[in-house]
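Here are some friendly notes for a first look at this structure. Please have the model open as you read along.

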Amino acid sequence: MSQVFGQVEPAVFQAYAFWVAVLGLKMLLMSVLTGLQRGSKKVFANPEDVTPGGKLKYDDPDVERVRRAHLNDMENILPYFIISFLYMFTNPSVTVAVNLFRLVAVVRICHTVFHVFIPVHKFRGMAWATGFFTTVFMGVMIVLHFL
């Protein structure tokens, strides 16, 4: 019987750890960005947070744009963390794995840029789709490997 869980190449794990850390920090920064946006607009979601000159508001379009980008991160990056982790155990090519990890991180950062800072739907959609289908590819490779 073949070994199901093989050794992970150190270069693959190093790339995984690096890019997962980058994306984890990016997600943490989205929380900070939401707070900064609330502060600059002086709109707050909790009555105790309202500052002088501020107001309680739950639907500011600029704050909600950042929150939607953060939600999209949670919907896509968190599954990517799990799937890419498991993908390392399929004995992938080092070059392929490293570049897949890099690709997802770069397009997720681009997705945020095109969602929050430079709202261009076409580019945001391409960034989302690239990350999504790259993660799907890794998921399919996992399923096929463990059949």
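1. Residues 16-36 are 100% helix and 0% strand, with end C-alpha atoms 30 Å apart. Helices here are DSSP runs (H or I, at least four residues; strands are E, at least two), numbered from the N terminus. Residues 77-94 are 67% helix and 0% strand, and their end C-alpha atoms lie 21 Å apart. Both spans come from an unreviewed UniProt entry, which lists residues 16-36, 77-94 and 125-146 as "transmembrane region"; such annotations, given in the numbering used here with shortened feature names, may be inferred rather than shown by experiment.

2. A word on the basis: this is a predicted model, where local features need pLDDT of at least 70 and side-chain atom pairs pLDDT 80 or more, while totals for chains, interfaces and linings use all residues. Residues are numbered from 1 along each chain as its sequence is written, and side-chain values use heavy atoms, without hydrogens or water.

3. The model has 10 aromatic pairs, meaning rings of Phe, Tyr or Trp (its six-membered ring) with centres within 6.5 Å; planes under 30 degrees apart are stacked, over 60 edge-to-face, the rest tilted. Tyr16 and Phe101 are edge-to-face because their planes stand at 70 degrees, with centres 5.8 Å apart. Tyr16 sits in helix H1 (residues 10-41) and Phe101 in helix H3 (residues 94-117), so this pair ties together parts 85 residues apart in sequence.

4. Phe101 also pairs edge-to-face with Tyr87, at 6.4 Å and 85 degrees. Tyr87 belongs to helix H2 (residues 61-87), so here the linked parts are 14 residues apart in sequence. Tyr87 and Phe101 are both buried (under 20% relative accessible area; exposed is over 50%, partly exposed in between; 1.4 Å probe, protein chains only).

5. Which residues form one aromatic cluster? They are Phe13, Tyr16, Phe85, Tyr87, Phe89 and Phe101.
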